[in-house]
Amino acid sequence: MAIGSGLGAQIGIAPESVYGTYVAPTKFIEFTKESLVLQKTTAQSAGIAAGRLLPLSSRRVVTQRQGSGSLEMEVTTKAMGTLLQTLMGTTVTPVQQESTDAYLQAHLLVDTAGKSLTIQKGVPLTTGVVTRKNFIGCKIISAEFSCEVGGMLTATFEIDSKDCEETSVLATASYPTMAPFHFMQMALKTGSYGSEVARSGVRKVSVKIERPMAVERFYAGASGLKAEPISNDQVKVTGSIEMDYVDTILDDLHTSDAATSLVWEFVGAEIDPSYNERITFKIPAIRFDDAPPTVEGFDVVKPTLSFTGLYDGTNPVAIEYVSTDVTL
């Protein structure tokens with residue numbers, strides 16, 4: 001029996017080969033908060049019948065079903081590949097680095113057609129019995145990554161789901177040995193693509209990737225369930241940098257509206273003398289929208305620089321992940 005509180009909860013995930021077809025979870029995510037819920041659309045018959053003061057319970061029907069919510073977590077040194085693949089779209093096979101235990105995953109930004117997940121959440125009753133809710137056809141429609149002074153690298157994934165069923169059995173959770181990426185490991189670089197230079201004074205960075213999709217594809221003959229969402233707008237990449245006003249390099253880019261490449265990187269423990277655990281976010285072209293160095297009192301000036309990520313015409317937005325994961 002599990003603990004009868006959130007301490008006994010679990011989240012398991014598995015990539016689907018067919019959108020909306022349940023696959024038993026194979027990886028289990030250490031999460032900090034979730035909000036996945038079933039959403040049903042109901043209709044109530046409103047027929048007039050002499051003397052009837054209330055609608056008939058038997059005449060209420062469910063016309064549509066879907067699910068949505070979010071997963072919040074710390075970004076860890078293992079088990080992140082499936083989520084990154086579903087967000088970015090590239091089918092990834094980890095590549096062994098030389099003859100070491102380090103494996104590189106290169107997640108490039110492409111369309112996410114065919115990329116969906118089964119997400120099973122186990123929710124404990126106070127008795128310790130864990131109920132299961134299986135969200136099928138899960139598409140990641142946005143993800144935001146953030147890290148600040150003294151903190152962990154965190155991620156929030158926004159999920160759209162085809163349906164939720166409760167018949168498939170609860171999988172037994174197991175977790176690999178892993179560690180969180182954190183502020184001590186963080187570096188931010190900007191400059192020409194491929195030769196970016198580390199910036200000083202950076203206190204917090206956040207990056208958000210939004211995948212706009214047509215999520216209301218409900219058609220006749222589908223039992224009130226949606227077809228796989230498809231991209232219906234360009235991807236939106238945005239972010240912000242909070243820093244002490246140590247120099248004018250980024251402020252000058254705001255003034256000129258010139259583009260610069262951004263590399264946001266976390267380097268963890270050594271896997272092999274030549275390779276460390278690592279996650280790297282690469283945005284080949286950003287332009288600053290707001291960068292107001294305003295004086296608000298006696299303290300050090302701390303501007304927040306908001307930016308938009310754009311395509312440089314050659315290099316895709318990418319997330320590189322180096323871990324000991326042999327598979328996603």
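Begin by selecting Phe145 and Phe281, both of which are buried in this predicted model. Their rings form a tilted aromatic pair, with 4.8 Å from centre to centre and 55° between the planes. Phe145 belongs to strand S9 and Phe281 to strand S19 (residues 275–290), so the pair links parts that lie 136 residues apart in sequence.

Seven aromatic pairs are present in the structure.

Now centre the view on Phe157.

Then widen the view to the largest nonpolar core, which comprises 51 residues. Phe145, Leu153, Phe157, Trp264 and Ile279 have the most contacts inside this core. The greatest contribution comes from S9, with six residues.

From S9 (residues 130–148), move to its antiparallel partner S8, to which seven bridges join it. The hairpin of S8 and S9 has five residues between the strands, and Gly128 there adopts a positive phi near 95°.

Select S8 itself (residues 117–124): seven of its eight residues are buried, so the strand is largely enclosed by the rest of the structure. On S8, Leu117 has Cys138 as its bridge partner in S9, and Pro15 also stands opposite Leu117.

Finish with strand S1 (residues 10–15), which runs antiparallel to S8 and is joined to S8 by six bridges.

Notes
Residues are numbered from 1 along each chain as its sequence is written. This is a predicted model: local features need pLDDT of at least 70, side-chain atom pairs count only at pLDDT 80 or more; totals for chains, interfaces and linings use all residues. Side-chain values use heavy atoms; hydrogens and water are left out. Buried means under 20% relative accessible area, exposed over 50%, partly exposed in between (1.4 Å probe, protein chains only). Helices (H or I, at least four residues) and strands (E, at least two) are DSSP runs, numbered from the N terminus. Two strands pair if DSSP finds at least two bridges between them. A nonpolar core is a set of buried Ala, Val, Leu, Ile, Met, Phe, Trp, Tyr and Cys residues joined through side-chain atoms within 4.5 Å. Rings of Phe, Tyr and Trp (its six-membered ring) pair if their centres lie within 6.5 Å; planes under 30 degrees apart count as stacked, over 60 as edge-to-face and the rest as tilted.
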